[in-house]
Amino acid sequence: MAANYIKLVLNTSTQVADPPDFIDRAHQLHPSIIAIWHGQFFLLPGIYPPDIPGRAMVSRHEDAEALARVLRRFGLGLIRGAGAGERRRDRGGAEAAHGAVASLREGYSIAMTADVPPGPARKCGLGIVTIGSLSGRPIVPFAVATSRYRAVNSWSRMTINLPFSTVGICMGDPIYVPQDAPRDVLEKYRERVERELNEVTAKAYATAGADPARATPPPLGSAETKASASTRS
């Protein structure tokens, strides 16, 4: 049902891409690391070019099984595991990172969220830049937004895109992380990925003619964020 719904949204909407030749660029950069924010990935499986071998990083948690089935329906392979984030417990992050590097070397592009549950949202973790450094492949900031959507009151403001919309598809410039980069260099690239992914996300909403306010997580430390964290705990 979810896969069919994604097709419905895309088939009834007008797609506007920036750059217009983003699919050609995806071919040129392949294999690459497609970076997207948590909660903003709903339409990605339907937009991903089927002729580019790809895999997506998905948590091993039971809640992620539905997403895993949707990704498989669109022909994407899976890399299971996720970063630990603030919870500091093993969620298969190291295994997933090894799987991502191996996939890139085997000729697969990979899609992954740059921020890590349970937040803070839209704060890039070191995992994605570490994978970029180990593999030597580019990190490509990517975002999709629609003029009509609903936002879930969650830590990431998960958005459900609606049919009969304008779809804004935006791809940023590739970011190459130096191989064998030390921690301080990785931190600089982490900040760069975070900044440029925020920029491309804002551009996607502008391209779609959408108000991003409802889909934007509240600032860290706000009363709303604290209430959400209290609910999660």
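Modeller: A search of the whole structure turns up 6 salt bridges. Keep in mind that this is a predicted model, where local features need pLDDT of at least 70, side-chain atom pairs count only at pLDDT 80 or more, and totals for chains, interfaces and linings use all residues. Residues are numbered from 1 along each chain as its sequence is written, and side-chain values use heavy atoms, with hydrogens and water left out.

Colleague: What makes aspartate 18 and lysine 203 a salt bridge?

Modeller: Their N to O distance is 3.9 Å, and the definition asks for within 4 Å, so the pair qualifies. Aspartate 18 sits in strand β1 (residues 14-18) and lysine 203 in helix α7 (residues 183-208), so this pair links distant parts of the chain, 185 residues apart. Helices (H or I, at least four residues) and strands (E, at least two) are DSSP runs, numbered from the N terminus.

Colleague: Why is aspartate 18 called partly exposed?

Modeller: Buried means under 20% relative accessible area, exposed over 50%, and partly exposed in between (1.4 Å probe, protein chains only). Aspartate 18 has 30%, so partly exposed is the label. Lysine 203, at 40%, counts as partly exposed too.

Colleague: How do you know that aspartate 21 and arginine 25 form a salt bridge?

Modeller: The closest N and O atoms are 3.2 Å apart, which is within the 4 Å limit, so the pair counts. Aspartate 21 is partly exposed at 32%, and arginine 25 is partly exposed at 35%.

Colleague: What about glutamate 106 and arginine 55?

Modeller: Their side chains meet in a salt bridge at 3.3 Å, N to O. Glutamate 106 lies in the loop between α5 (93-105) and β5 (109-113), and arginine 55 in strand β3 (residues 54-58), so the pair ties together parts 51 residues apart in sequence. Glutamate 106, at 52%, is exposed, whereas arginine 55, at 21%, is partly exposed.

Colleague: Why does arginine 157 count as buried?

Modeller: Arginine 157 has 8% relative accessibility, so buried is the label. Arginine 157 is in the loop between β7 (149-151) and β8 (159-161).
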